[in-house]
Amino acid sequence: MNDRAGRRRARRLAIGTAVVLALAGMNGPWLYRFGTQKYHQYKINKPEYKAENGKWEIVDFPEEYRQNTIHAALLRTGKVLLVAGSGNNQDNFDAKRFDTRIWDPVKGTIKKVPTPSDLFCTGHTQLANGNLLIAGGTKRYEKLKGDVTKAGGLMIVHNENPDRPITLPAGTKFTGKQNGRTFVSKDPVVVERATKVFDKATGEFLRNDPGLGRIYVEAQKSGAKYETGTQDNYRIQGLTGTDARNTYGIAQKLALDKKDFQGIRDAFEFDPVAEKYIKVDPMKEARWYPTLTTLSDGKVLSVSGLDDIGQLVPGKNEVFDPKTRKWTYTSRIRQFPTYPALFLMQNGKVFYSGSNAGYGPDNVGREPGVWDVDSNKFTKIPGLSDADRMETSGTVLLPPAQDEKFMVIGGGGVGESKLSSNRTRIVDMKADSPKFVDGPTLEKGTRYPQASILPDDTVLVSGGSEDYRGRGDSNILQARLYHPDSNTFESVADPLVGRNYHSGSLLLPDGRVMFFGSDSLYGDKANTKPGTFEQRIEIYTPPYLYRGSRPSLSGGPQTIARGASGTFTSPQASVIKKVRLIRPSASTHVTDVDQRSVELKFTVSGDKVKVTVPENRNLVQSGWYMLFVDDDQGTPSKAQWVRVP
């Protein structure tokens with residue numbers, strides 16, 4: 001533990017002891033009437049306590065503005081975009097009620113925003129122009145096994161014609177050659193032409209590799225008798241001539257099994273000034289639960305997700321070009337589970353921590369490593385503890401980002417497993433041979449932990465649950481500050497609201513942290529009552545904002561290029577000890593690959609603070625940032641917004 005944390009813990013103990021002694025000196029009956037809850041409120045509102053532990057407060061929106069917030073992003077205007085889509089509520093989905101709110105945490109105003117698609121379980125990331133790129137969402141809600149009435153599943157359509165692709169409309173009928181059962185497609189599908197394969201040595205033609213299309217099909221009628229038991233080839237009704245000979249379907253068992261969520265291809269930019277969605281070119285693949293990560297060239301990589309037939313996208317990744325607002329496939333295939341935690345490294349490669357949100361085989365794409373997207377080379381990183389408990393774990397690039405150390409926090413077993421991990425794991429990507437080592441442990445096994453980088457270089461770790469989606473009333477009402485310099489956790493004030501699945505957190509420009517969402521599966525310890533979505537917003541004010549005065553920062557340029565400098569004014573310039581450039585968050589499903597805190601070199605002259613932005617474009621990606629200065633007590637200023645072109 002560092003010296004500051006030790007002194008704070010000692011002072012906290014002294015404060016608590018003094019309060020208890022004072023109350024004990026009064027008469028017993030009064031102490032009884034005071035009650036545990038009142039005593040707790042009395043203690044946590046004492047100035048000394050807040051200066052040591054911080055304070056949590058609930059922001060309860062008016063009824064008409066409440067929603068089931070699934071996604072949140074800090075906009076360059078200082079406002080927060082709160083996205084629900086259908087909010088994990090099928091009634092909303094069926095009625096096409098899709099919600100978005102914009103909240104101004106300074107003025108306290110809330111605004112409803114028209115939402116064009118069901119952006120529930122979408123992906124998002126900050127763009128260089130200050131817009132938020134949003135891609136994917138929900139086409140169909142899952143159906144549990146008992147709710148499925150028509151047998152169905154995946155049909156792979158083959159096209160052996162090398163001369164042209166073929167398009168099959170929605171409603172196309174497929175009849176099994178052996179089982180005789182007919183199934184109907186739910187959507188159109190384009191099946192690419194076959195590829196001619198030649199012998200590399202002789203040039204001799206060898207074969208045609210058929211083009212493939214994937215489509216979801218259902219039986220024409222309800223009932224178990226329309227299920228199939230094994231794989232079969234399917235004749236496509238309505239095709240004639242060469243099309244009938246060259247095109248056919250192959251499906252495994254088509255059954256009344258559970259049907260997973262299906263994704264959409266829709267993509268939008270959200271303009272924070274106009275406060276509206278702008279439709280852009282749709283993705284090549286439909287995606288539900290995708291991750292978006294900005295690459296070295298400023299393009300955005302879209303990875304994983306469930307597609308428009310509810311299957312994991314088979315490693316077909318794609319990139320968005322902000323200049324053309326169009327998507328193209330990457331040249332190689334690589335598969336990850338859904339919402340993989342992918343971070344751009346300073347060498348331009350992508351670090352995968354192993355953290356993910358769940359869907360996908362338990363033996364494919366789950367090992368952490370470094371991915372060269374261009375060559376598709378993947379180098380595994382050893383040493384990860386509790387490697388079988390990486391679902392719903394959190395990953396954060398520890399501050400300052402120049403050190404390139406990552407922390408993986410908690411996590412759980414695959415699917416609805418009861419297993420959870422209390423470990424943190426740290427990897428130094430600048431080491432000659434990077435490997436994970438264990439950091440300080442959490443008190444409890446923790447799924448869905450929230451981690452937010454603060455401007456004083458600590459990381460606030462809060463919330464989560466011990467079991468899947470808070471089962472067994474297992475929400476964890478604890479918060480910790482992680483100190484990278486000493487590799488220790490320090491306990492701070494406990495949150496008021498439990499947070500598990502569908503929750504998140506983000507740093508605000510005034511140095512506070514906002515928490516949203518939570519979607520408990522059950523509402524009681526016995527797991528007999530259905531859970532309700534947590535619509536309240538909670539704000540944590542860290543201890544550094546209860547120390548009295550804080551440094552101020554004003555003036556200066558709004559744009560600073562990489563390698564260039566900008567000069568700001570601060571009456572407290574002489575006591576400035578740190579300058580940090582923090583990228584605004586875009587958070588969902590324990591995934592926030594945008595947040596990073598970059599150390600800036602600075603000089604002081606009088607009341608002027610001259611800051612210099614590093615030259616590495618992979619360290620400082622183009623876009624808008626919050627510029628904070630910290631004084632000699634670790635107290636940050638309010639942020640100034642700065643654009644790095």
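1. Arg-325 sits in the loop between β24 (318-321) and β25 (326-329). Its phi is near 55 degrees, a positive value in a residue other than glycine. Arg-325 counts as partly exposed because its relative accessibility is 30%; buried means under 20% relative accessible area, exposed over 50%, and partly exposed in between (1.4 Å probe, protein chains only). Strands here are DSSP runs (E, at least two residues), numbered from the N terminus.

2. A word on the basis. This is a predicted model, in which local features need pLDDT of at least 70 and side-chain atom pairs count only at pLDDT 80 or more, while totals for chains, interfaces and linings use all residues. Residues are numbered from 1 along each chain as its sequence is written, and side-chain values use heavy atoms, with hydrogens and water left out.

3. Asp-473 also has a positive phi, near 55 degrees, and is a residue other than glycine. Its place is the loop between β35 (459-462) and β36 (479-483). Asp-473 is exposed, at a relative accessible area of 55%.

4. Check the peptide bond from Pro-399 to Pro-400. It is cis, with omega near -10 degrees. Pro-400 belongs to the loop between β30 (394-397) and β31 (405-409).

5. Next, an open sheet. Its 4 strands follow the order β6-β7-β20-β21, and the pairing is antiparallel. Two strands pair if DSSP finds at least two bridges between them. β6 (123-126) and β21 (276-280) are the edge strands; each has a single partner strand, so one side of each lacks a neighbour in the sheet. From one strand to the next, the twist averages 25 degrees; axes are lines fitted to C-alpha atoms, and angles run from 0 to 180 degrees between N-to-C directions.

6. Within that sheet, β7 (residues 132-135) and β20 (residues 267-271) run antiparallel and are joined by 4 bridges. Leu-132 stands opposite Phe-270 of β20.

7. Strand β22 (residues 291-294) is covered on both faces. Thr-291 and Thr-293 are buried on one side, Leu-292 and Thr-294 on the other. In a regular strand the side chains alternate between the two faces of the sheet. β22 pairs with β23 (residues 300-303) in the antiparallel sense, over 4 bridges. Ser-302 in β23 is the bridge partner of Leu-292. The hairpin of β22 and β23 has 5 residues between the strands, and Gly-298 takes a positive phi there, near 90 degrees.

8. The structure holds 25 aromatic pairs. Rings of Phe, Tyr and Trp (its six-membered ring) pair if their centres lie within 6.5 Å; planes under 30 degrees apart count as stacked, over 60 as edge-to-face and the rest as tilted. One of the pairs is Phe-183 with Tyr-234, edge-to-face, at 6.1 Å centre to centre and 80 degrees between the planes. This pair links distant parts of the chain, 51 residues apart: Phe-183 is in β12 (residues 182-185), Tyr-234 in β17 (residues 232-236). Both Phe-183 and Tyr-234 are buried.

9. Tyr-289 and Tyr-359 have ring centres 5.3 Å apart and planes at 90 degrees, so this pair is edge-to-face. Tyr-289 lies in the loop between β21 and β22, and Tyr-359 in the loop between β27 (350-352) and β28 (369-371), 70 residues apart. Tyr-289 counts as buried, at 1% relative accessibility. Tyr-289 and Tyr-359 belong to one aromatic cluster, whose members also include Phe-93, Phe-120 and Trp-288.
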